[in-house]
Amino acid sequence: MPRITLTIAGQPSDELTHRVASELTQLTASLLNKPLDATMLTVDYFPKESWFIAGRSLKEWDKKSFKLEVTVTDETNTREEKVHYHRAAFDLLAALIGDVHPHSNIHIVDCRAGTYGYGGETQEYRYQHPAVSVT
C-alpha cells in the first residue's frame, strides 16, 4: 500500500496532475510490486520563487523541480527494486515536467508494518490476520 506524495515546483496544471497521477501510480505499483487498487497519490504545487537549491530559487535557476516521497511497508522491497524505481521515476517525472534541476529528489520511506496501514488496520495486522482484514 504505497502512499505517494509528489510536490512540483511551478503553477498548478490539471493536465500535468492527471498525467502524473496515472503514470506514476502505474509505475510505482509495477516496479515496487504493490497492488494498484491500494496505491494512493497526492500532488501539490509549490511556487518556484520559494523553492531553493544551493541558496538560489528555481526562478533564478530557470529550472523546474520535484520532490517525490513514496511510503511503503519496511522490508517489502529489495535494494535493487528501489534503485530501479529511483531511476525510472526520475526519468518519468523529468520527461513529464520538463527541464528539471538535477537535484530534484526521490525518497522511499520504509515504515514499520506495526505503525503503517489503512482502513483502520496496520500492515502487520493484515499479515497476521489475512482472512479478517478488509481490502
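I97 is buried, with a relative accessible area of 8%; buried here means under 20% relative accessible area, exposed means over 50%, and partly exposed lies in between, using a 1.4 Å probe and protein chains only. This is a predicted model, in which local features need pLDDT of at least 70, side-chain atom pairs count only at pLDDT 80 or more, and totals for chains, interfaces and linings use all residues. Residues are numbered from 1 along each chain as its sequence is written, and side-chain values use heavy atoms, with hydrogens and water left out.

I97 lies in helix α3. Helices (H or I, at least four residues) and strands (E, at least two) are DSSP runs, numbered from the N terminus. Leaving aside residues up to four places away in sequence, I97 touches I8, L16, K64 and F66; contact means heavy atoms within 4.5 Å. I97 also sits 9.3 Å from A9, C-alpha to C-alpha, although the two are 88 residues apart in sequence.

## How α1 meets α3

Let's look at the helix pair next. Helix α1 (residues 14-31) and helix α3 (residues 79-97) have axes that come within 11 Å and cross at roughly 165°. That angle makes α1 roughly antiparallel to α3. Axes are lines fitted to C-alpha atoms, for helices over the stretch in contact, with angles from 0 to 180 degrees between N-to-C directions. Angles under 35 degrees count as roughly parallel, over 145 as roughly antiparallel, 65 to 115 as roughly perpendicular, and the rest as oblique.

On the α1 side, the residues in contact are L16, R19, V20, E23, L24, L27, T28 and L31, and they meet E81, H84, Y85, A88, A89, L92, L93, L96 and I97 in α3. By class, this contact has 12 nonpolar, two polar and three charged residues. Ala, Val, Leu, Ile, Met, Phe, Trp, Tyr, Cys and Pro count as nonpolar, Asp, Glu, Lys and Arg as charged, and the others, Gly among them, as polar.

## Two aromatic pairs

A pair of aromatic rings is described by the distance of the centres and the angle of the planes. Rings of Phe, Tyr and Trp (its six-membered ring) pair if their centres lie within 6.5 Å; planes under 30 degrees apart count as stacked, over 60 as edge-to-face and the rest as tilted. By this rule there are two aromatic pairs. F46 and W51 have ring centres 6.1 Å apart and planes at 75°, so this pair is edge-to-face. F46 is partly exposed at 37% relative accessibility, while W51 is buried at 14%.

In the other pair, F66 and F90 have ring centres 5.5 Å apart and planes at 50°, so they are tilted. F66 lies in strand β5 (residues 66-73) and F90 in helix α3, so the pair ties together parts that are 24 residues apart in sequence. F66 is buried, with a relative accessible area of 0%, and F90 is also buried, at 19%.

## T7 in strand β1

T7 belongs to strand β1 (residues 3-9) and is buried, with a relative accessible area of 19%. Not counting residues up to four places away in sequence, T7 touches D44, F46, W51, S65, F66 and K67.

## Positive phi in two loops

Most residues other than glycine have a negative phi. E75, in the loop between β5 and α3, has a positive phi near 65° and is exposed at 74% relative accessibility. D99, in the loop between α3 and β6 (105-111), has a positive phi near 50° and is partly exposed, with a relative accessible area of 46%.
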